[in-house]
Amino acid sequence: MSEGDAVNPDPVDRAVGQRLRLLRRARALSLETVASRTGLSIGFISQVERGLSSPSLRVLALLADTLQIGIGGLFEPAATDPDPDPIVVFAKERPELQLWRAGITKQLLTPPGGTQGMSLFHMVLKPGASTGDELFSHDGEEAGLVLEGRLTLVVEARTLELSEGDSFRFESRRPHRFGNPMPRKRAVVLWVNVLGAPKAAGA
């Protein structure tokens, strides 16, 4: 299945699904509306919200666009008492999003709240991990720095091979995908997503 495989509920998938459902309901969006705007089926979105399907990064990007938030907005807030003026994210308190089927783990380095206009991530890709063969796009702009290992970045028709110390920047609306080409070594990337102005309702 291109949208994800139905599986028994996994704790990671369940947490992501609950967060998506909470955000959708907070915006008074029906499953039908989200399906219409993303091109995903109602049944699949329902499975994701119930933790029965593991969403890919492409799917999460589509849903984040529809909810008018960045990927960072999909992270579950920390369980501790929220800081009324968040400036720092301590290492032990980093919110984490595991795309376990893809082999990618993203930790959110920017404090929660605000407009979610900019999100900074510490991303770890297991050996051979990738976002898949299908290109995807979403709102905003992104940039990054390879801290460890190697990264294959495909932007439209270009395939770029990056090593430790190499950096990048591109408009997120350009179809793209990425992965770790190394079969035995992980890749670590400092990744930034920046959103533009929110789209008008119904856009």
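## Exercises: helices in a predicted model

The chain has four helices and nine strands (DSSP runs numbered from the N terminus, H or I of at least four residues for helices, E of at least two for strands). This is a predicted model, where local features need pLDDT of at least 70, side-chain atom pairs count only at pLDDT 80 or more, and totals for chains, interfaces and linings use all residues. Residues are numbered from 1 along each chain as its sequence is written, and side-chain values use heavy atoms, with hydrogens and water left out.

**Exercise 1.** Work out how helix H2 and helix H3 cross.

*Solution.* Step one: find H2 at residues 31-38 and H3 at residues 42-49. Step two: take their axes (lines fitted to C-alpha atoms over the stretch in contact, with angles from 0 to 180 degrees between N-to-C directions). These come within 9 Å and cross at roughly 115°. Step three: H2 is therefore roughly perpendicular to H3 (65 to 115 degrees).

**Exercise 2.** Which residues of H2 and H3 meet?

*Solution.* Look for contacts (heavy atoms within 4.5 Å). On the H2 side, you'll find Leu-31, Glu-32, Val-34, Ala-35 and Thr-38. Their partners in H3 are Ile-42, Ile-45, Ser-46 and Glu-49.

**Exercise 3.** Decide how many residues of helix H4 are buried, and what covers them.

*Solution.* First, go through residues 57-66: 10 of the 10 are buried (under 20% relative accessible area, 1.4 Å probe, protein chains only). Among them are Arg-58 and Asp-65. Next, check the cover, which includes helix H1 (11-26), H2, H3 and strand S1 (96-99). Finally, step past the helix: H4 is followed by Gln-68, with a positive phi near 60°.

Notes: Angles under 35 degrees count as roughly parallel, over 145 as roughly antiparallel, 65 to 115 as roughly perpendicular and the rest as oblique. Buried means under 20% relative accessible area, exposed over 50%, partly exposed in between (1.4 Å probe, protein chains only).
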